[in-house]
Amino acid sequence: MAAKFRTLILTVALFVSALTLLDWTYDMWKIQEIFSSWPARWQQIASAKREANMAKIPREWILEPQVLEDGRSRNSIVGDYMDGLLDAKSRYVTDMDVPELVARMGDGTLTAVEVVKAFCKRAAYAHQLSNLLLEIRFNEAIERAQELDDYFNKHKKLIGPLHGIPLTLKDQFHIKGLDTSMGFIGWIGTFEGEMDTGKAKNVDSELVREFHVLGAVPIGKVIKAPETNNNILGYAFNPCNQNLSTGGSSGGEGAMQALRGSAFGIGTDIGGSVSMPASFQGVFSIKPSAGRISFKDAANTGKGQEVMPTVVGIMGRSIDTLQLILKSLLFLEPWLHDPYTLPIPWRSELEYKPQDELAYKPAFGFLANDGVLTPHPPISRAMEIVKEALQSKGHQLVDWDWPHNRETIDIHCSIARGDGCHDVYDAVHLSGEPFVPEITNLFPNGKPRAPLPLPEYEGIVRKMKDYRHRYLDYWISTAERTGDRPVEALLSPVTPYAGVLPGKFYPSTYTTSVNVLDYASVVIPVTLADKTIDVVSPNFTALNEVDQLNMEYYDPEKYHGAPAAVQLIGRRLDEERLLSLAKLVVEALNDYRSGYGG
C-alpha cells in the first residue's frame, strides 16, 4: 500500500513539474515575443536621430500629411511642384543663382537673413519630401546671417565673395555643434566612431572654415551612402523621377540641388560620386583633380589610401556658380593650411575667352560608347545634341577610339577596395545595424575580404601609372587628326544610364576612368528622357552579357522625364580651362535649342 502511495505522489509531482515547465516555457516564449517586437538598439538610435532633426524644423515649416502623401505619389516633385509649396518671397529668392544672390545682397536689395531663411524653408520641405538631411542647422544659419547683415550695415560692403550664400554639404565634413555620421549609426554621438576624444561636435573641417571666411552659410549636411541608402534615413529616390535612385554616394546632395534646397552643394568623389548624382538630377557639377580643394579634417573611409584619393566636388545651378566657388576657395590659398592642397592659385590665363575663338576654335574628343556598356537611348541622344550644337558653331569633334577603357574598372576596384573595406565593416558593426543591400557585395559571407598583399597592390599601382602614360600619349596624338593641336577636352556620357533603378547599378568606365586618370570633369545637363523618342533600337547588339542586362533594365515608361547629361573631361589640374570650355558648350547648346529645339 505504501509503495502505491509513493508511486501516486511521484506521479502527481511529475505532472505538476510538467505543468510548471510548460507554463515557464510559455512565459519565456511570450517574453521573447515581446522583446522581438521592441526596436533593436540601433533602430532606437536612428529613430531618435530622425526625431531630433524634425524638432529643428520650425512648426510653421512642417508639411501636412496629405502634402507628403501627394508628393510621394508623384513621378516628379522638382520645379513647379516644389515651387507651388512655397510663398512668393521664398520662391523669388530661391529661384536666383549664386552670382545674382551675391549681387542683390551687395546692393542692399536682399538681406542675408532673407536669403538664408528662404533656402532653409525650402531645404526643410525637401527633407520632408525626400529624407535628405542627416544634420540640420537652420537656427545657427539664421543667426550667422544676422551677423553678416550687421557687418554689411556697418561697413557697407560684403564680408566675402560668398556673403550670405546658403550651402549644404555631404555628411563627411565636420561642423561644430553637429554630428558627422556618414550614415553609420554607430558614429552618432562620437567622433568618427571613437568615444571620449573631446572632438565630437567640436571640430570644423578646413573647407568649412574656408566657407566661413568667404561668408557662405552652411544650413545642413546631407545623406551620404552608396546609391544612396542608409539605416538612418532610408533610400533616397530621385526627385526628378521617383522611380529612380538619386545615385551615390553624393546622391543626397544631388537631390538637394534639384529641389533647390541650397544655393550650392559640396560632395565627394572617388568613382563618380559627384558626377553621377549631378547627371541623374539634372544639375551642374565639377569634380576637380586631387589637390585643388582641401579635404583636411573631413571624415572618410579608406583614409590611408592616397594613390587615388577622394576629392571634393561642387554641385550647382550653373557653370558660373561652379567657377565662382572654386575661384573663391583658391583665393584663400588653402595650401597654407593643408599640405595636401597644391599651391596652385586660380589661373585666368588658362581660360578660353570669346576673343580667343577668332584665332582658334577648340576641338573636342567625342566618346559615344566606351566598348563596355552601351548608353541608354536618352544618353545617346544627349550626346548627339551636344555634338550637333558644337558642330553648328564650327567646332571639330574627333571620335575617341581608345580601346582600353575596361582596364580602369579593375584598376579602380583594386585600389579603392584593396584594403578589404575593414573600416566600413567595423563602422557598421559598432551599432549592430545590418548592411544596406547596396554594400553587401563588399562582404562575402558577411565578412571583409582579405586585403591585397602589398606587392600585388603595388603591381596595380604600376598598372595605373602605365595607363596614365598611355592615355596621355593618345590624347596628345589627336593633334594628328585635328591638323593643329590636341583636343582641348573630351565629351563623354557620365554613365550609360539616365538614372538607376534601385538595385540595378553597374560600375562603368565613364566615371572610373576619370578617377583613375585624376582628370577633371564637368557635368552638363542636356535634355530629359522622352518615352516617345528614346527607345532601344531593334538593331541593338549587346557588347557582353552585362551590356545586354543593362539595356534590358531600360524602360521608356519608367525613365520618362529623367535628366540626361554629358560630361566634359579635361586633363589633370586643368580646371580653369575646363570650366571656360564648359561655358562654351552651354552657350552652343542654348543657341542650338533656340534654333532647333531639343
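## Exercises on cavities, rings and packing

The largest share of the lining of the largest cavity, five residues, comes from α18. The exercises below concern a predicted model.

**Exercise 1. Describe the lining of the largest cavity: which elements supply at least two residues each, and how do the residues divide by class?**

*Solution.* 
- Step 1. The structure holds four cavities of 30 Å³ or more, and the space in the largest cavity comes to about 70 Å³.
- Step 2. This cavity is lined by 13 residues, of which Y471, L490, S513, V514 and I569 are the closest to its centre.
- Step 3. At least two lining residues come from each of β11, α18 and β13 (563-570).
- Step 4. By class, the lining of the largest cavity has eight nonpolar, five polar and no charged residues.

**Exercise 2. State which residues lie closest to the centre of the second largest cavity, and give the classes of its lining.**

*Solution.* 
- Step 1. The second largest cavity contains about 50 Å³ of space.
- Step 2. Its lining consists of 13 residues, and the closest to the centre are H174, L178, T180, F191 and K201.
- Step 3. The lining of the second largest cavity comprises five nonpolar, four polar and four charged residues.

**Exercise 3. Characterise the second largest pocket by its volume and its lining.**

*Solution.* 
- Step 1. The volume of the second largest pocket is about 450 Å³.
- Step 2. Its lining has 17 residues, and Q257, A258, R260, G282 and R317 are the closest to the centre.
- Step 3. Two helices, α5 (88-94) and α10 (251-258), each contribute at least two residues to the lining of this pocket.
- Step 4. Five nonpolar, six polar and six charged residues make up the lining of the second largest pocket.

**Exercise 4. Classify the ring pair W400 and W475 as stacked or edge-to-face, and locate both residues in the chain.**

*Solution.* 
- Step 1. A pair of aromatic rings is described by the distance of the centres and the angle of the planes.
- Step 2. The structure holds 22 aromatic pairs. In the pair of W400 and W475 the ring centres are 5.3 Å apart and the planes stand at 75°, so the pair is edge-to-face.
- Step 3. The pair links distant parts of the chain, 75 residues apart: W400 belongs to the loop between β10 (397-399) and α14 (407-416), and W475 to helix α16 (residues 454-477).
- Step 4. W400 and W475 are both buried.
- Step 5. Ring pairs also join W400 and W475 with W402, Y467, Y471, Y474 and Y519 in a cluster.

**Exercise 5. Identify which charged residues sit over the rings of F366 and Y360.**

*Solution.* 
- Step 1. Over the ring of F366 sits the charged end of K387, 4.9 Å from the ring centre.
- Step 2. Over the face of Y360 lies R485, at 4.4 Å from the ring centre.

**Exercise 6. Determine which residues of helix α9 are buried and which elements they pack against.**

*Solution.* 
- Step 1. Buried means under 20% relative accessible area. In α9 (residues 206-214), the buried residues are E206, L207, V208, E210, F211 and L214.
- Step 2. The buried residues of α9 pack against the strands β2 (166-170), β6 (264-269) and β8 (311-316), and against helix α12 (319-331).

How values were computed:
Residues numbered from 1 in each chain as written. Predicted model: local features only at pLDDT ≥ 70, side-chain atom pairs only at ≥ 80, totals over all residues. Heavy atoms only, no water. Buried < 20%, exposed > 50% of the residue type's maximum accessible area, 1.4 Å probe, protein only. Helix = DSSP H or I, 4+ residues; strand = E, 2+ residues; numbered from the N terminus. Contact = heavy atoms within 4.5 Å. Phe/Tyr/Trp six-rings, centres within 6.5 Å; stacked < 30°, edge-to-face > 60°. Lys NZ or Arg CZ within 6 Å of the ring centre and 35° of its normal. 1 Å grid on protein atoms, 1.4 Å probe; cavity = no way out; pocket = protein on both sides within 12 Å on 5 of 7 lines; lining within 4 Å. Points joined across faces, edges and corners; volume = space filled by probe spheres on them. Nonpolar A, V, L, I, M, F, W, Y, C, P; charged D, E, K, R; others polar.
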